[in-house]
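Subject: Handover of a structure and its findings

Dear colleague,

Please find below the structure that I am handing over to you. My findings follow it, and I would be grateful if you read them with the structure open beside you.

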Amino acid sequence: MTVTDIPNIIDVYKSGSNVDAGRVGHLTDAQQKYLKEMWIKVLAHFEATASKPIKVTHSQIHPDSLEAAGVAIDNADAIDQWYNANLEQASDIKTQTVRDKMYLDGNREAVVPGTFKPLFSDEQTTRTFANTFWQACMLYSNPDSYLLMFLRATSWKVDAAFERLVKSIEWRASQAIDKLMWDGDASIHHKMMNDGLIVRAGKDKLGNPVVVVRVKLSIPRERANGITEKFAAYSLEQSAMVARSCGERVALVYDFTGFKRENMDLSFIKTLLNMITESYPQMLSVTILQANSWLFSGFWKIISSWLDPLVAKRTVVAKDINELQVFMDKSEILTDMGGSLEHKYKYVYPTKEENIKMFDTEERLRAEIELKTAADAFFQTTKDWIAKPSIEGYADEARVRAAATFNTAALRLDPFIRARFLEERTA
């Protein structure tokens with residue numbers, strides 16, 4: 001599928017059905033062949049990189065101040081000492097994390113364990129390609145979905161798709177996305193979380209969850225360098241988890257209501273777009289920019305040039321509520337945007353109780369072994385499947401069962417390796 005083959009996004013929404021072509025269960029014989037070629041490259045890369053772990057650099061997504069200082073979050077004396085010595089920094093709105101705010105407000109209980117342990121015996125300072133790959137696959141109901149995402153994004157060009165997948169895995173490993181999700185809200189910029197810059201509310205006409213970026217709440221001068229990248233990665237990883245149970249798609253809406261010059265945050269928009277294109281391609285069913293102002297027109301000229309061609313085909317500007325209703329029923333549109341969906345955003349702080357399974361090391365080990373066994377089984381059935389001819393509509397039963405087992409094991413392990421996020425604690 002090339003850019004010209006992509007259906008008009010308005011026609012797709014008028015049809016009332018998501019486009020499933022090129023997804024698991026909807027592959028032509030040619031697409032199945034491309035998927036096999038992709039798996040051949042991935043499996044070979046497992047072997048080629050087995051003794052070449054990827055170094056954790058945090059070059060883009062920086063650790064919070066406590067982690068950078070080597071302070072364990074469950075060491076009360078060390079915590080007190082650090083905050084007493086760094087009170088001004090912990091109080092600075094530009095850098096203050098949720099953990100900082102909670103501590104200063106008297107809530108000093110660690111909400112996640114102090115010692116982070118990467119999956120499958122990886123080191124704290126490095127990650128292997130294979131282990132990072134399987135953890136990325138946990139975001140999808142079938143490991144095939146992860147590869148197909150890159151294949152569709154590159155119009156089924158296997159070499160290009162593989163190159164992008166490798167780059168994405170290396171990014172996940174070097175930026176320790178697993179550690180980011182382990183810490184959860186605690187290490188994220190407090191004001192961005194408390195304001196609700198990004199909210200997930202409602203569904204579009206195809207049943208996809210809606211993620212809303214409330215642009216008027218994005219004020220660059222209120223945060224330090226490096227904050228944007230971490231928040232964007234954390235938000236996208238959460239959105240992928242939400243999409244997992246909803247056809248692996250979300251609708252992204254940029255709400256430019258009340259947009260002013262102080263909200264012209266090109267860095268945040270560009271970071272979000274780059275991360276989506278490079279590590280979460282094809283996750284968005286549509287990108288809608290709700291805006292109608294001369295100020296936005298100039299802003300749009302800049303950001304439209306950054307769009308990947310495939311993303312651009314699924315990006316629209318909605319100038320009023322009527323145009324927005326092509327994609328969402330009024331009952332699913334926030335009242336702030338002219339709809340009737342009441343959604344009073346209130347940030348609720350994390351607790352130890354919601355993450356209690358993260359403290360159960362024995363049960364976590366059993367769940368981790370189950371996932372490793374499931375990944376090994378999928379690996380073997382994939383090697384067997386590769387050796388068979390590609391037939392349209394053919395489903396290798398052993399491999400289908402292995403994918404289902406991997407999915408079950410991934411869901412079982414999930415609460416042991418990451419903190420819950422806002423929607424989970426308030427559901």
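In this predicted model, Asp255 stands opposite Gln290 in strand E6. The strands concerned are E5 (residues 250-255) and E6 (residues 284-290), which run parallel and are joined by six bridges. Both belong to an open sheet of five strands, ordered E3-E4-E5-E6-E7, in which the pairing is mixed. At the edges are E3 and E7 (315-318), each of which pairs on one side only. From one strand to the next, the twist averages 25 degrees.

The antiparallel sense is found between E3 (residues 198-203) and E4 (residues 209-214), which pair over four bridges. Within this pair, Arg200 has Val211 of E4 as its bridge partner. E3 and E4 form a hairpin with five residues between them, and Gly207 in the turn has a positive phi of about 90 degrees.

Which helix lies across E3, E4, E5 and E6? It is H13, which runs at about 170 degrees to E5. Helix H13 (residues 266-279) also meets helix H9 (residues 158-174): their axes come within 9 Å and cross at roughly 120 degrees. The two helices are therefore oblique to each other. On the H9 side, the contact is made by Arg164, Lys167, Ser168 and Trp171, and on the H13 side by Met275, Thr277, Glu278 and Ser279. These residues divide into two nonpolar, three polar and three charged.

Most residues other than glycine have a negative phi. His58, although it is not a glycine, has a positive phi of about 55 degrees. His58 is placed in the loop between strand E1 (54-55) and helix H3 (65-68). Is His58 buried or exposed? With a relative accessible area of 18%, His58 is buried, because the cut-off for that term is under 20%.

Ser155 also has a positive phi, near 55 degrees, and is a residue other than glycine. Ser155 sits in the loop between helix H8 (143-153) and H9, and at 17% relative accessibility Ser155 counts as buried.

A further loop residue is Glu222, found between E4 and helix H12 (227-244). Glu222 is buried, with a relative accessible area of 18%. Which residues does Glu222 touch, not counting those up to four places away in sequence? They are Ile93, Lys94, His189 and Lys191.

Yours sincerely,

A colleague

Methods:
Residues are numbered from 1 along each chain as its sequence is written. This is a predicted model: local features need pLDDT of at least 70, side-chain atom pairs count only at pLDDT 80 or more; totals for chains, interfaces and linings use all residues. Side-chain values use heavy atoms; hydrogens and water are left out. Axes are lines fitted to C-alpha atoms, for helices over the stretch in contact, and angles run from 0 to 180 degrees between N-to-C directions. Angles under 35 degrees count as roughly parallel, over 145 as roughly antiparallel, 65 to 115 as roughly perpendicular and the rest as oblique. Contact means heavy atoms within 4.5 Å. Ala, Val, Leu, Ile, Met, Phe, Trp, Tyr, Cys and Pro count as nonpolar, Asp, Glu, Lys and Arg as charged, and the others, Gly among them, as polar. Two strands pair if DSSP finds at least two bridges between them. Buried means under 20% relative accessible area, exposed over 50%, partly exposed in between (1.4 Å probe, protein chains only).
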